[in-house]
Amino acid sequence: MAAYLIKRLLQMIPTLLGVILLVFLLFNWVGGDPAYVLAGKFSNPQDIANIRRQLGVDQPLFIQFGIFLRQVLTFDYGLSWSTQEPVSHIFLTRLGPSIALLLPMLILETLIGVAIALAVAYVRDSWIDRSLTLTTTAAMSISLLIYIIVGQYFFAFVLGWFPVQGWANHGESWVRYAVLPILLGLAVSIAPAIRLYRTFVLEEMGQDYVRTARAKGLSEMRVMLVHVLRNASIPIITTVLGSLPGLLIGAFLLERFFSIPGIGREVIMAVERSDFPVIKAITVSVAMATMVFNLLADLAYQWVDPRVKLS
Amino acid sequence: MGRPKGEIIMSALRHSPVHSKHIEPVKRDTAKSLSAIAWGRLRRNPVGMFSLGIVAVFLIAIVASALGLIAQDWDRQYALSFAPPTFMGSSQETSQEDGVSPSLPPALTQASGTQLEMYGLQDPLQPVLDQLNSHTGHDSDPLIGLSAETPMRAATLFLGADKWGRSIALKVMKGAETSVLVGIAAALLATFIGTVLGAFAGYWGGWVDALIEWLYGVFTAIPYLLLVFAIAAVLQQKGVFTIILILGLTGWTGVYRLIRAEYLKHKVREYVLAAEAIGASHARRMFVHILPNVSHVILVQLSQQVVNFIKAEVILSFLGFGVPVDVVSWGSILNETPNELILGYGWQLMTCGLAMATLVTAFAMLTDALRDALDPRLK
């Protein structure tokens, strides 16, 4: 186990270096000279030279790469170009709202998705199953933009059930602000989740052990909820864990529409303001999180299913 | 005999060596090509044919609009601002005579020049306006364009009008052109990159494979949209070509994964070994022998990528990172809709959303049908 862990962690190093190199080349080489952006419209050569020296972009590329590498390792990405706030501080303060939005969404999505998937897989090929497949296809064809635009307009603006925008980090006001974004996020993500989990459940239902369990005279309830669910949960856990880091970014539209100060909204704003340090920091950090969560998913896989050999 | 040596040996390998010349023409008549078989299967699939029909209608309309046959004057101001669709009837019948939109506040209609005169100021833009007027041929105020001399604008329009009185139907049509062409071009680019990298990694193995696998690991470690945003931030100039490049250069990983696996499988098959035996070069084996045998995977991926990239383009353009302001796409249309909704006009959102949902669903169902038709072993 420990050997496996060390091996996997070592394997991450070249990938992480690649990510750092890609981000570096993108921003320091393709992106051109940021001094002109920073100096503004009314600048003189002296200002530009000063800014270049401050940023270190007057150094050769490999020294700049060294600077960036040190920034990644110490998690100190300097100051934001537009707000002069430390980038690591921005990242850490924006993480909370993102997680407070995403975690309930992910938990609800998994619980509801698995419940419905079990139910429709049990009555597979009936009219219920077929009409649900049709509904999910139709639901998935509508752009998530439209869900959010219409949902915000209808439930918050027209009906006034929820505040149109805003956020609070905890307590009662968190509930007030978070319910609508979470519901809309669910509306978008539940259809693909149901379809995916349905295939997982169906795959297990065709196995021999299900027939054996039925032959033993177990109740259908027990067969589905204990035998099938337990085995289907293996791919489900891996999917959920693997999707977590991507969700950080994936919820950017919700965060933007509802003015939730999370990571996704921060990325959008940073792109709008050409705030390179923020984008660099978030890209590298989220990539690291993705790799760690992929490893966690593999470990969880083995934990749920001891037959799986880690190698 | 002008036939190349390789072909004779190939046909000898395919058929029994003795009767090869005799049997060949007969076989050619009866055996159908893979594409003919697949087409036959697709034709028997009603859902597949139906979605193919819808996609074809969209594509024909898009080509026509790209050639300038339809929707060419999509930015002409046909109607009053936010004119409702014809089938809804007009609530603005009375205002049609004087040509002034009642939906604009009175302050705005007054602004056409009179306010400046009130303060005794010279309009610094007057020469420019005069020049514009002489161009357009009538001496209305071209900036606001609502004075009495404006040619009469319709109070209602098929599917309604947007804020500037442009036809929503034509605008969505023009937006479809941008979004779908971007989707198709980006999908072609991404599929091309994915296929070439996958072919090299799968065929050569060894350090080539290790290197490309590393690249794949790097690209998949960063969430897709984050990578797209990062590149959009770096590339300062906006444009249709830029967005195709961004989507294409980042979206190759899925195709690569599948093609690499196919090449790993195919490179040890007998027909490839036979090709090696007759002295076919590596490049020939990779792209003449193996490629046609994995083309069904490529085709299905291409179709799927088009849908993904249309969706991605819509989101990018919605956020303002996509097409430039003078180009209309489904994303830039959706960008206008939240504010319109608050004013109580939902026609643009409905039309655009419906067009998009129809095309995306049809394309997705066509992809499934293609997959079934080309590779019936897959589920």
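Mentor: Buried residues make up 32% of the 311 residues in chain A. This is a predicted model, where local features need pLDDT of at least 70 and side-chain atom pairs count only at pLDDT 80 or more, while totals for chains, interfaces and linings use all residues. Residues are numbered from 1 along each chain as its sequence is written, with chains lettered from A and ligands numbered from 1 in the order in which they are written.

Trainee: What makes Phe229(B) count as buried?

Mentor: Phe229(B) has 25 C-beta neighbours inside 10 Å, so it counts as buried. You will find Phe229(B) in helix α10 (residues 224-234) of chain B; helices are DSSP runs of H or I with at least four residues, numbered from the N terminus.

Trainee: Which residues does Phe229(B) touch, leaving out those up to four places away in sequence?

Mentor: Phe229(B) touches Val267(A) and Val271(A). Touching, or contact, asks for C-beta atoms placed from the backbone to lie within 7 Å. By contrast, Phe229(B) and Gly48(B) are 35 Å apart, C-alpha to C-alpha, and 181 residues apart in sequence.

Trainee: How many residues are in contact between chain A and chain B?

Mentor: 33 residues of chain A are in contact with 32 residues of chain B. α1(A) gives the most to the side of chain A that touches chain B, with nine residues. That side has 23 nonpolar, 10 polar and no charged residues. Here Ala, Val, Leu, Ile, Met, Phe, Trp, Tyr, Cys and Pro are nonpolar, Asp, Glu, Lys and Arg are charged, and the others, Gly among them, are polar.

Trainee: Why is α14(B) called oblique to α15(B)?

Mentor: The axes of α14 (residues 282-319) and α15 (residues 330-343) of chain B come within 7 Å and cross at roughly 50°. Angles under 35 degrees are roughly parallel, over 145 roughly antiparallel, 65 to 115 roughly perpendicular, and the rest oblique. That angle makes α14(B) oblique to α15(B).

Trainee: Which residues meet there?

Mentor: Among them are Ile315(B) and Phe318(B) in α14(B), and Trp330(B) and Leu334(B) in α15(B). The residues of this contact divide into six nonpolar, four polar and one charged.

Methods. Contact = placed C-beta atoms within 7 Å. Helix = DSSP H or I, 4+ residues; strand = E, 2+ residues; numbered from the N terminus. Axes fitted to C-alpha atoms, helices over the stretch in contact; angles between N-to-C directions. Buried ≥ 20, exposed ≤ 12 C-beta atoms within 10 Å, placed from the backbone.
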